[in-house]
Amino acid sequence: MYLHIGGDVLINKKEIVAIIDYDNVDKSLITDEFVELASVEGLLEKLENEMEPKSFIITEKKVYLSSISSLTLQKRSTVKNQPV
(Lines give C-alpha, C1' and ligand atoms only; values in the text may rest on other atoms or scores of the structure.)
Protein backbone atom coordinates (compact mmCIF):
# COMPACT_ATOMS: atom_id res chain seq x y z
CA MET A 1 0.00 0.00 0.00
CA TYR A 2 1.20 3.48 -0.84
CA LEU A 3 0.85 6.82 0.92
CA HIS A 4 0.51 10.16 -0.89
CA ILE A 5 2.77 12.56 1.01
CA GLY A 6 2.33 15.68 -1.13
CA GLY A 7 3.38 16.92 -4.55
CA ASP A 8 3.30 13.97 -6.88
CA VAL A 9 5.02 11.62 -4.48
CA LEU A 10 3.70 8.26 -3.36
CA ILE A 11 5.82 6.14 -1.08
CA ASN A 12 5.45 2.54 -0.06
CA LYS A 13 4.18 2.47 3.52
CA LYS A 14 6.60 -0.37 4.29
CA GLU A 15 9.52 2.05 3.72
CA ILE A 16 8.29 4.61 6.27
CA VAL A 17 10.33 4.71 9.46
CA ALA A 18 8.64 7.74 11.05
CA ILE A 19 6.32 10.67 10.35
CA ILE A 20 7.20 13.64 12.56
CA ASP A 21 5.59 17.04 13.13
CA TYR A 22 7.89 19.70 11.66
CA ASP A 23 7.33 21.99 14.66
CA ASN A 24 9.59 19.61 16.59
CA VAL A 25 12.55 20.74 14.49
CA ASP A 26 12.65 24.08 16.29
CA LYS A 27 12.00 22.54 19.69
CA SER A 28 14.55 19.73 19.66
CA LEU A 29 18.26 20.17 19.04
CA ILE A 30 18.64 16.50 18.06
CA THR A 31 15.79 16.71 15.53
CA ASP A 32 17.21 19.94 14.12
CA GLU A 33 20.63 18.28 13.74
CA PHE A 34 19.05 15.24 12.07
CA VAL A 35 17.29 17.40 9.45
CA GLU A 36 20.45 19.44 8.88
CA LEU A 37 22.55 16.29 8.44
CA ALA A 38 20.00 14.81 6.01
CA SER A 39 20.20 18.04 4.02
CA VAL A 40 24.02 18.07 3.95
CA GLU A 41 24.12 14.44 2.82
CA GLY A 42 21.60 15.08 0.03
CA LEU A 43 18.91 12.89 1.55
CA LEU A 44 16.40 15.68 2.18
CA GLU A 45 13.69 16.36 -0.40
CA LYS A 46 11.21 19.22 -0.06
CA LEU A 47 8.02 18.33 -1.93
CA GLU A 48 6.40 21.74 -2.42
CA ASN A 49 9.00 24.50 -2.58
CA GLU A 50 6.63 27.42 -2.05
CA MET A 51 4.82 26.00 1.00
CA GLU A 52 5.97 25.75 4.61
CA PRO A 53 6.69 22.17 5.68
CA LYS A 54 4.33 20.76 8.30
CA SER A 55 5.88 17.32 8.63
CA PHE A 56 8.87 15.29 7.67
CA ILE A 57 8.75 11.67 6.66
CA ILE A 58 11.75 9.46 7.31
CA THR A 59 12.04 6.49 4.97
CA GLU A 60 14.73 3.88 4.49
CA LYS A 61 16.35 5.95 1.71
CA LYS A 62 15.26 9.61 2.06
CA VAL A 63 13.77 12.26 4.29
CA TYR A 64 10.84 14.20 2.78
CA LEU A 65 9.54 17.59 3.90
CA SER A 66 5.79 17.75 3.27
CA SER A 67 3.23 20.54 3.55
CA ILE A 68 0.74 17.94 4.76
CA SER A 69 0.46 17.67 8.54
CA SER A 70 1.69 14.59 10.36
CA LEU A 71 -1.84 14.04 11.71
CA THR A 72 -3.33 13.98 8.19
CA LEU A 73 -0.60 11.62 6.97
CA GLN A 74 -1.25 9.36 9.94
CA LYS A 75 -4.98 9.29 9.15
CA ARG A 76 -4.27 8.53 5.49
CA SER A 77 -1.93 5.72 6.42
CA THR A 78 -4.47 4.01 8.67
CA VAL A 79 -7.45 4.11 6.27
CA LYS A 80 -8.25 0.55 5.29
CA ASN A 81 -9.37 -0.58 1.86
CA GLN A 82 -9.10 2.88 0.31
CA PRO A 83 -6.46 4.11 -2.05
CA VAL A 84 -4.29 6.82 -0.51
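## Strands 5 and 6

Let's start with a pair of neighbours: in this predicted model, Ser 55 has Ser 66 in strand 6 as its bridge partner. Strand 5 (residues 55–59) and strand 6 (residues 63–66) pair over four bridges in the antiparallel sense. Strands pair if DSSP finds at least two bridges between them. Helices (H or I, at least four residues) and strands (E, at least two) are DSSP runs, numbered from the N terminus.

Residue numbers start from 1 along each chain as its sequence is written, and side-chain values use heavy atoms, with hydrogens and water left out. Because this is a predicted model, local features need pLDDT of at least 70 and side-chain atom pairs count only at pLDDT 80 or more, while totals for chains, interfaces and linings use all residues.

## The hairpin at the start

Strand 1 (residues 2–6) and strand 2 (residues 9–12) run antiparallel and are joined by four bridges. Across this pair, Tyr 2 stands opposite Asn 12 in strand 2. The hairpin has two residues between its strands, and Gly 7 takes a positive phi near 55 degrees there.

## Two residues to look up

Is Thr 31 buried or exposed? Thr 31 sits in helix 2 (residues 29–40), and it counts as buried because its relative accessibility is 18%; buried means under 20% relative accessible area, exposed over 50%, and partly exposed in between (1.4 Å probe, protein chains only). Leaving aside residues up to four places away in sequence, Thr 31 touches Asn 24, Val 25 and Phe 56, where contact means heavy atoms within 4.5 Å. The side chain of Thr 31 also makes a polar contact with the side chain of Ser 28, at 3.1 Å. A polar contact is a pair of N or O atoms within 3.5 Å; within protein, one must be able to donate a hydrogen and the other to accept it, and residues adjacent in sequence count only if both atoms are side-chain atoms.

Asn 49 lies in the loop between strand 4 and strand 5. Asn 49 is exposed, with a relative accessible area of 62%. Asn 49 and Leu 65 are 16 residues apart in sequence, and their C-alpha atoms are 9.5 Å apart in space.

## The whole protein

The protein has three helices and six strands, and its elements run β-β-β-α-α-β-β-β-α from the N terminus on. Of its 84 residues, 30% count as buried. Along the principal axes, the C-alpha trace spans about 40 × 25 × 20 Å.
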